[in-house]
Amino acid sequence: MSLHRRFTYAALAAGVAVGVLATPSAAAAAAPATLPAGQYTLTANYNQFDAVNSALVSTLGTAAVHTVMENANHDRTALPSSFSVAGLSTGFRFDSGDNSDCTNYPQGITTSRDAVGTANGGNYDGHQLVAVSWYSKDGCDGDQSRSRITLVDWDADYPNAYRKILLVEPTGTADAPDFKDIPIHAGGMSWYGDYLYVADTGKGMRVFDMRKILKTNSGGTADQIGHQSGTTYYAHNYAYVLPQVGTIASKTTSGTNLAWSSISLDRVSKSIVMTEYTCPSGCTDYPNRAPRAIRYPFASTGTFAATTTASQALQLPWYKLNGVASHNGRWWFNSSGSKQLYYWKPAAAAQTFSWVGSGESLSYWEDDTSADLLWSLQEGAGNRNVFAVTQATYGGG
């Protein structure tokens, strides 16, 4: 099924948004430099929580993705008419509560086109989906406390609806299984096959299996998490939780550990690419150095091998990068700090385009019948636009 285009320009609803130039102005930019890829490795464990997860599945039962979406309980809305970005194809906003919530912030984005490609119209378990990761805080000015994902139906055959799923880490034992919150930034997310990979800033990635969404009791109080008594498990009133199944740990011999700020999938080369949010100077919460972008290939199994060596490593001339995408050897980088999108293809000059403010992750959308797209989103409360632009508008060709 082709991309759902219910939200064309004529149908965009009125509202407030961050304005962007309607026509991109490309400018030449400094190009990335090659780094030794062998300095960057991953170690993968997809079975880290098998015993506890088996017990949780036995106790709580699972809900397939199609069941979760049949019970979607939030309505997405149209992009506001004032939202403008070059090459805009389509998009949406979350409901008014999620759009303005100062305790939860959207970060990563991936789609069922990442998971399955263009096969069967890009449907996973019968649904074409856009997935967004969020981090939560204890109060508007509180500490980071948990993370979640949102599955959004993007298919004319289904309602304009979405469902929130809490991310949890299994704890306890097979005899006494439990789970707890995952208080990570969740700055990037990639979906490949049945596995969902979520960036864990100082460590690498956490792995989740989309076939193992657990059903929980949505009662209790908003602060209750995990096992209560008997077979009752609460999850801050969420009806579904997605338990971590494994960890992808990052290691470098370059002397400076990677900051996993954002990730995305490259289906062509069957790899995940990552980049870092860094500053040229003056930052206290982020590294003050040039950022890097690293490519890690999947094994022939469609998962990471026990040990994986990077196949490409780059040092970048840009800073405050919240998003990265790569496809067919081409790269895009989003700088929220500069409100720019950078495009680079090896052996060619880099280009700089005007971009949105508060921009976050990127995801490449392959399409057999229409133009390929780049999906992205904005995190700022009140202006959480999730949108897709034609990739050719930004140097993709």
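How many bridges join strand 2 to strand 22? The close-ups below start there. This is a predicted model, with local features needing pLDDT of at least 70 and side-chain atom pairs pLDDT 80 or more, while totals for chains, interfaces and linings use all residues. Residues are numbered from 1 along each chain as its sequence is written, and side-chain values use heavy atoms, leaving out hydrogens and water.

**View 1. Strand 2 meets strand 22.** 2 bridges join strand 2 to strand 22 (residues 312-315), running antiparallel. Thr-34 sits opposite Leu-314 in strand 22. (Strands are DSSP E runs of at least two residues, numbered from the N terminus; two of them pair if DSSP finds at least two bridges between them.)

View 2. The order is 2-22-20-19-18, with antiparallel pairing. Strand 2 (33-34) and strand 18 (262-266) are at the edges with a single partner strand each, so one side of each has no neighbour in the sheet.

**View 3. The largest pocket.** About 390 Å³ of space lies here. (A pocket is an open set of points on a 1 Å grid over the protein atoms alone, where a 1.4 Å probe fits, with protein on both sides within 12 Å along at least five of seven lines; lining residues have an atom within 4 Å of a point. Points join across faces, edges and corners, and volume is the space filled by probe spheres set on them.) Of 16 lining residues, Gln-107, His-185, Thr-201, Tyr-277 and Tyr-286 are the closest to the centre.

**View 4. The second largest pocket.** This one holds about 240 Å³. Its lining has 15 residues, with Arg-148, Lys-164, His-236, Asn-237 and Tyr-238 nearest the centre.

Note on methods
Helix = DSSP H or I, 4+ residues; strand = E, 2+ residues; numbered from the N terminus.
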